[in-house]
Each structure stands twice: as C-alpha cells, then as structure tokens.
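Student: I would like to learn how to read a protein model. Could you walk me through one, feature by feature?

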Amino acid sequence: IQYPCRPPLEPMPIELLDVVTGTFGQLETVGQLRTIMQMNTATEGLELPNLVDTQPMTGFEVRVFIRSVENIQVFKDNERNDVYVKTEFQSMDLAGNKYNKTASTDIHKYAVNTATFNWMFVFQI
C-alpha cells in the first residue's frame, strides 16, 4: 500500500536556548526554550515565517519567579524604601495581534539593601 506523502517542509528558524537558574558561576540548566526570533530595523516590515503546515497551536504559559531584589539605592527618608517589582509582558501572535500584560508584586516595606519576595507571575499565551 502506498500512502500519499508530502515533501519535507523548509526548516523553521527555531532557536534552542537553555533555561538556567542559580547565581553567576553556579548556573544549573533546568530546561530548554524553543523560540522563533526575527530581528528587524524599525523601518523594515515584519515578515512572519509560513507556519501553515506545522503542528496545531496550543496554549502555554510563561512563569517568572521573583525571589529578591538586591543593591537597592535609598531614595526616601535617607534610610529605607518601599519596593515592589512591576513586570510588563509583551507578545504577538502569528496574525499580528499584539498583547501587553502587566503585573506587580506586593510592597516590601522598609527595604534598605535587599527586598525579599516569593512571587510568581504567570502569563498565559
């Protein structure tokens, strides 16, 4: 029995990046990120790769964990700061629709040099 088949698709420009954790000099690989990146100048148009014949798209999430903020500069009362972390996650789908999502941690009051958090941002894509 012969089945109809298609020729192989052109290879997609997929970058494979290691996801690491730890401090400088003691990094540990905890996963791998597969991404498509295309860089253009501000005057060039955006041309997305043809992904028509690829696997069906499924949703996923990006998680950002905030553990601590270090080397805080004192701005208030010459003694302390009230610190929070604000994130802005920008993404664009294959149809060109842009999405901006923002989130903030709670406030760490009276921070002098460091502020400790146990906060995870979850961005659905």
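Student: In which strand is Leu33 found?

Tutor: Strands here are DSSP runs of E with at least two residues, while helices are runs of H or I with at least four, and both are numbered from the N terminus. Leu33 is found in strand β2. Before we go on, note that this is a predicted model, where local features need pLDDT of at least 70, side-chain atom pairs count only at pLDDT 80 or more, and totals for chains, interfaces and linings use all residues. Residues are numbered from 1 along each chain as its sequence is written, and side-chain values use heavy atoms, with hydrogens and water left out.

Student: How many helices and strands does the protein chain have?

Tutor: The protein chain has zero helices and eight strands.

Student: Is Leu33 buried, partly exposed or exposed?

Tutor: Buried means under 20% relative accessible area, exposed means over 50%, and partly exposed is in between (1.4 Å probe, protein chains only). Leu33 has 43% relative accessibility, so this residue counts as partly exposed. Of the 125 residues of the protein chain, 13% count as buried.

Student: Where is Thr105, and is this residue buried or exposed?

Tutor: Thr105 sits in the loop between β6 (98-104) and β7 (108-111). Its relative accessible area is 8%, so Thr105 is buried.

Student: Which residues is Thr105 in contact with, leaving aside its neighbours within four places in sequence?

Tutor: Contact means heavy atoms within 4.5 Å. With those neighbours left aside, Thr105 is in contact with Ile66, Tyr84, Val85, Phe117, Trp119 and Phe121.

Student: How many aromatic pairs does a search of the whole structure find?

Tutor: Rings of Phe, Tyr and Trp (its six-membered ring) pair if their centres lie within 6.5 Å; planes under 30 degrees apart count as stacked, over 60 as edge-to-face and the rest as tilted. The search finds two aromatic pairs. The rings of Phe89 and Phe123 have centres 4.9 Å apart and planes at 10 degrees, so this pair is stacked. Because Phe89 lies in strand β5 (residues 86-92) and Phe123 in strand β8 (residues 115-124), the pair ties together parts that are 34 residues apart in sequence. Phe121 and Phe123 form a stacked pair too, at 6.3 Å centre to centre and 25 degrees between the planes.

Student: Which residues do the ring pairs link into a cluster?

Tutor: The cluster consists of Phe89, Phe121 and Phe123. Phe89 and Phe123 are buried, and Phe121, at 4% relative accessibility, counts as buried.
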